[in-house]
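Welcome! Take a moment to look over the sequence and the 3D view, and then we will walk through the main features together.

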Amino acid sequence: MSLLEVLSKPFPLISAPLAGLSDLPFRLINRQFGCQYAFLEMIHARSLTYENIKTLDLLRTQESDTPLGLQLLGDEAPFLKLAIELLEKNKYKHDVLDFNAACPIKKITCKGEGAALLKNRRKLSSLIKVLVKNSKVPVTVKMRLGWDDTVKAVDIASSIQDAGAQVVFVHGRTKIQGYSGEVDYPAIRKIKKKLTIPIVASGNILDPFLAKKMFEQTGCDGILIARGGLGNPWIFKQISEFLSKEQLIPRPSVNEIAGIMKTHLNLYMGHYGPKRGLWNFRKFFVWYTRGMNNIKQLRCRVMRVSSEADMLLVIEDFKQTAAAAN
Ligand SMILES: Cc1cc2nc3c(=O)[nH]c(=O)nc-3n(C[C@H](O)[C@H](O)[C@H](O)COP(=O)(O)O)c2cc1C
């Protein structure tokens, strides 16, 4: 199913691009809980054309990892074009090519990339046109509401549509807000009212109530689950049940969470190998156990584990700790 097909269904839930996090294991776990579409993390067009090993590693996927969106970052038309050629040569299986005009990180924006493009609408349009002209799959764009205010948000979104993008992802904050502060629902709504292409909204989708609020207050066609899904993949199921049947399903039991952690760990070990797999899983243990009582000691232990067997013991002990705390 393509992104556009996903967006034609009620309440589409999409796993957001998350640098350093939305890798294959993360996407597979989310898909198990009903995520309908998932994004890889942003890929820098220039690094991709250099065939940098670390960058190519980000592209790893498998048959069941569909439908899948790929996001490019950059501000140099020749490299964006070359990146598309390379992706097509390798028959990469993404069904949309997203362009990043949202990343607020200084080392990106100081080069004129990511959210910096919001200040240069002409350049943003010309880069989107290059992507549209060269890409065999539909081009989409992820934007923020503006650099430091939202005055031009609708104009930016309109020029993205006019340049040929088929979907706009809107993170409802400005670049200056970074990842904190209020999400501006009315500003997203104005964009939705003006554009004719689908709008996917992002920002603070942390529980089923906030998901409902985003759909109701903006009229968006879909939502992106980002930080709300970290160590919380069942959020996809919770939101879906709440929006379709008004049913609030509880957080999984401690035993179920331990089982999900084991599956996640196993995916990490298979994907990255024992050393990096363990290393990458640690932060997820912290997220999976967020808000739990008496967990500090186990979290410290997790930082010292040196084998999969040790990690499995910590997960077993987590069950005892969580049961004792309730
Ligand atoms: C650690 C982290 C990495 C992110 N990486 C990307 C990225 O690669 N591309 C992108 O467009 N947005 C990225 N984002 C932004 C998210 O996709 C999302 O739009 C943002 O976090 C707002 O949603 P939230 O408030 O629900 O987390 C990232 C956000 C975080 C916290």
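This is a predicted model: local features need pLDDT of at least 70, side-chain atom pairs count only at pLDDT 80 or more; totals for chains, interfaces and linings use all residues.

**A first look at the chain**

Residues are numbered from 1 along each chain as its sequence is written.

**Overall shape**

- With 326 residues, a compact globule would have a radius of gyration near 20 Å, and the chain agrees because it has 20 Å; the radius is taken over C-alpha atoms, and the globule rule is 2.2 Å times the number of residues to the power 0.38.
- The C-alpha trace spans about 60 × 45 × 35 Å along its principal axes.

**Two domains**

- Domain 1 covers 3-245 and domain 2 covers 254-325, with bounds that come from an automatic or database domain assignment.
- Eight residues from domain 1 and ten residues from domain 2 take part in the contact (C-beta atoms, placed from the backbone, within 7 Å).
- The C-alpha centres of the two domains lie 30 Å apart.

**Nonpolar cores**

- In soluble globular proteins, nonpolar side chains tend to be buried together.
- The largest nonpolar core has 71 residues, and Ile128, Met143, Val168, Ile223 and Ile225 have the most contacts inside it; such a core is a set of buried Ala, Val, Leu, Ile, Met, Phe, Trp, Tyr and Cys residues joined through C-beta atoms within 7 Å.
- Another core, of 15 residues, lies apart from it and includes Tyr268, Phe284, Phe285 and Ala322.
- Beyond its neighbours within four places in sequence, Val168 is in contact with residues including Thr140, Met143, Leu195 and Ile199.

**Around the ligand**

- Among the 22 residues around the ligand, Ala16, Pro17, Met42, Ala226 and Arg227 come nearest; a residue counts as near if its C-beta atom, placed from the backbone, lies within 6 Å.

**A cysteine to find**

- Is Cys300 buried or exposed? Cys300 is exposed, because 9 other C-beta atoms lie within 10 Å.
- Cys300 belongs to helix 14, residues 296-302.

Conventions. Two residues are in contact if their C-beta atoms, placed from the backbone, lie within 7 Å. Helices (H or I, at least four residues) and strands (E, at least two) are DSSP runs, numbered from the N terminus. A residue is buried if 20 or more other C-beta atoms lie within 10 Å of its own, exposed if 12 or fewer, and partly exposed in between; C-beta atoms are placed from the backbone.
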